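This briefing walks through a protein complex topic by topic. Please keep the sequence and the 3D view open while reading.

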Amino acid sequence: MRVAHPRRVVTNVAEGTPLLRLENVWVNYGGIKALKGISLDVFPGEIVAMIGANGAGKTTTLKSIAGLLPIASGTIHFCGKNIVGQSTEDLVFAGISLAPEGRAIFPNLTVRENLELGAYTHRDKNAMRETIDDMTRLFPRLGERMTQEGGTLSGGEQQMLAIARAVMARPRLLLLDEPSLGIAPKLVVQIFEAIGQIAAAGVTILVVEQNTRVALKSSRRAYVLRTGEIALSGESKVLADNPEIQAAYLG
Amino acid sequence: MSANRSESERHEAAKRSLSPKRVAAAAGVFVVVLFLDFFLNVILPDSSIRQLLMLAACNVLAALSLNVINGMAGQFSIGHAGFLGIGAYTSAVIASHMHHFFGGGEPSFARSFAIVPACLCASAIVAGFFGFLVGLPSLRLRGDYLAIVTLGFAEIFRLIIATAQADSGNGQSVMGRISAAISSLGGQNGYQGIGNDGIPLYAGPFWVFGLAALLGLVAWRIKFSGWGRALRGLREDEIAAAAVGVDPTRYKVTSFVIAAAGGGIAGGLSAIMRDGLGIVNPDNYNFQTSFDAITMVILGGSGSVTGSAMGGVFVTFTVKAIELLQGSSVVQDLRVSVEWLDLNALRMIVYAMVIIALMIVRPEGLLGERELFGKRRAVQR
């Protein structure tokens, strides 16, 4: 899988420093505090999971990283630069790509158009062709449905399309919001295998999940969110053995 | 990697292989419209039929431009008559003044190459500017509320022209000059050129049909370009579109500007087309006109370029057929015997019945979002 961006000037992150760093991030929805001082690090090449119940602030965290929500205070550093206040367009170009929750694909656009729109910020013909070919290899079912409208795909296929579309931008950091939501268990396994392959190609991944078991199994580290705060964090293996986690999320 | 050509290589090869065909088609269209400009009046001696055909081409342009807002961007504008009217008045005034400047006489084909582009560019710019103003509220308003704004805009335009008094305003203050300029447009009676001797009709079939073909192609390219793809993505899912980097603000306003400019060209062309009326009247740009434009887009298929074009032709001919029906001896006799019969209401009833029937048979319009020369497979499961 080819992941180099056609036009971006890459600033390498020094050894041991995070690709993404959130420090004391607060987000308000009107009077409601959705995030109350979140701090987290994502290092290059990692798969990091963020787990927690509904309304814990997982989606809010991803949206504020992607520049889709304004933050009230705190800083977000990407590649060592503070990115607070930058437009989503600039952030996608810089290498932050979000696959939104709930298979947010474009139902009346063809699968190909969906993918091409993913490459909106660079529109490099070669890179588009390469990634479309890579994605049809990663998700053969998408390849068979290139000229079909996105809305005619099954739930699992739509999720594959949403991930593939996010990869089209040639991101350095891929944000995935609930890739397992409402999808058959067999497909969940397939999708997480594909996520592993994307990570192996050199894309750093921050994935939000309610499916704690799958999330902890496929990530290196994880953060547990509870009502807008980070309750626990650490190596996924260690968290999976944590009795508190087992009681609350693994059942 | 694989010995077979990859999926995307095949896709691009299919796109490229059409090129020589396209050049030939463009040359063919050019020759045909050039021929029509000189010989249409020989082929069709009845000027009312010529007028109908050219009006259909103008309506196709109106439908194509409205399709950018209502179909591709998914906003709902019911004030397209405002942009058509602004375009019509702009072209009418400029054509009259340029004609006067060139010394009057019969509108010649050679002179049309100076006058028609000037008129239509001005129409596009002026209408596009108002499109920008109307587009700004579209950032905060959705659906019905935006529709009210667009309707209000069109009515304000129409009423400002219609209610201007011939003697209002004197050349002193700024407001006085503005109102003098507006009242020089003829008010309720319409604008008929300098000295009321009619708007010079420079746009022959060459311009009308040629531009319909050219701008139809532009509309097609817009739909399938990166820009059109982003616009349609925004319509489908604003969050997802924003997530891939599409700026909703910029796209919404730009789509209004483009649609308004296209509407301006359509209106301008209809004002200066050969076999046209030679007069622009505020009543030609009332709600009925906006409604006709919406009908064209929805009947043809919202979001479809070829569908909107078909809708434009279909509505033009339907309206004409109903008018002919109204003038037929059967209906006239009926009118004499049944005194309370209102012919205008009859038109609306027939028109509404046609629309209702089509909406029952095909609720998504003739083509839905698809195109006549489809790039995509039909829904299959």
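V208(B) touches M54(B), A57(B), C58(B), A203(B), L269(B) and M273(B), leaving aside residues up to four places away in sequence. The model is predicted, and the predictor gives the complex an ipTM of 0.91 and a pTM of 0.88.

**The nonpolar core and chain B**

- V208(B) belongs to the largest nonpolar core, which has 173 residues. Together with L61(B), L269(B) and I272(B), V208(B) touches the most other members of that core.
- Helix 3 of chain B, residues 47–73, gives this core its largest share, 15 residues.
- S96(B) is part of helix 4 of chain B, which covers residues 80–101. Is S96(B) buried or exposed? S96(B) is buried, because 22 other C-beta atoms lie within 10 Å, and the cut-off for a buried residue is 20 or more.
- Not counting residues up to four places away in sequence, the residues that S96(B) touches are G193(B), I194(B), I199(B) and P200(B).
- From S96(B) to I349(B) the C-alpha to C-alpha distance is 38 Å, and the two are 253 residues apart in sequence.

**Confidence in chain B**

- The pLDDT of chain B averages 87, and 91% of the residues score at least 70.
- Over residues 377–381 of chain B, pLDDT stays under 50. The model has six contacts beyond four places in sequence for this stretch.
- Where pLDDT is low, predicted coordinates should not be read in detail.

**The six-stranded sheet of chain A**

- Chain A has an open sheet of six strands in the order 6-7-8-3-9-10, and the pairing is mixed.
- Strand 6 (96–99) and strand 10 (229–235) of chain A are the edge strands, each pairing on one side only.
- From one strand to the next, the twist averages 15°.
- Helix 6 of chain A (residues 155–168) packs on this sheet and touches strand 6 and strand 7 (173–177) of chain A. The direction of helix 6 makes about 165° with that of strand 6 of chain A.
- Helix 7 of chain A (residues 185–200) lies across strand 3, strand 7 and strand 8 (204–209) of chain A, and runs at about 155° to strand 8.
- Strand 3 (residues 47–52) and strand 9 (residues 221–226) of chain A pair in the parallel sense over five bridges. In strand 9, R221(A) is the bridge partner of V48(A).

**Strand 8 of chain A**

- Strand 8 of chain A runs parallel to strand 3 of chain A, and five bridges join the two. One of the residues in strand 8, E209(A), is the bridge partner of I51(A).
- Strand 7 of chain A also runs parallel to strand 8 of chain A, again with five bridges. Here I205(A) is the bridge partner of L174(A).
- Why is strand 8 of chain A described as largely enclosed by the rest of the structure? Six of its six residues are buried, so the strand is largely enclosed.
- Strand 8 of chain A is covered on both faces. T204(A), L206(A) and V208(A) are buried on one side, and I205(A), V207(A) and E209(A) are buried on the other.

**The four-stranded sheet of chain A**

- An open sheet of four strands in chain A has the order 2-1-4-5 and antiparallel pairing.
- Its edge strands are strand 2 (32–42) and strand 5 (81–82) of chain A, each with pairing on one side only.
- Strand 4 (residues 73–78) and strand 5 of chain A run antiparallel and are joined by two bridges. H77(A) stands opposite N82(A) in strand 5.

**Helix 3 against helix 6 in chain A**

- The axes of helix 3 and helix 6 of chain A come within 6 Å and cross at roughly 40°.
- Helix 3 contributes V111(A), N114(A), L115(A), L117(A) and G118(A) to the contact, and helix 6 contributes L161(A), A164(A), R165(A), A166(A) and M168(A).
- By class, the residues of this contact are seven nonpolar, two polar and one charged.

**Contact between the chains**

- Chain A gives 35 residues to the contact and chain B gives 24 residues.
- On the side of chain A that touches chain B, the elements giving two or more residues are helix 2 (88–94), helix 3 (111–118) and helix 4 (125–138) of chain A.
- This side of chain A has 16 nonpolar, 11 polar and eight charged residues.

Notes
Residues are numbered from 1 along each chain as its sequence is written. Chains are lettered from A and ligands numbered from 1 in the order in which they are written. This is a predicted model: local features need pLDDT of at least 70, side-chain atom pairs count only at pLDDT 80 or more; totals for chains, interfaces and linings use all residues. Two residues are in contact if their C-beta atoms, placed from the backbone, lie within 7 Å. Ala, Val, Leu, Ile, Met, Phe, Trp, Tyr, Cys and Pro count as nonpolar, Asp, Glu, Lys and Arg as charged, and the others, Gly among them, as polar. A residue is buried if 20 or more other C-beta atoms lie within 10 Å of its own, exposed if 12 or fewer, and partly exposed in between; C-beta atoms are placed from the backbone. Two strands pair if DSSP finds at least two bridges between them. Axes are lines fitted to C-alpha atoms, for helices over the stretch in contact, and angles run from 0 to 180 degrees between N-to-C directions. pLDDT is the predictor's confidence in each residue, from 0 to 100. A nonpolar core is a set of buried Ala, Val, Leu, Ile, Met, Phe, Trp, Tyr and Cys residues joined through C-beta atoms within 7 Å.
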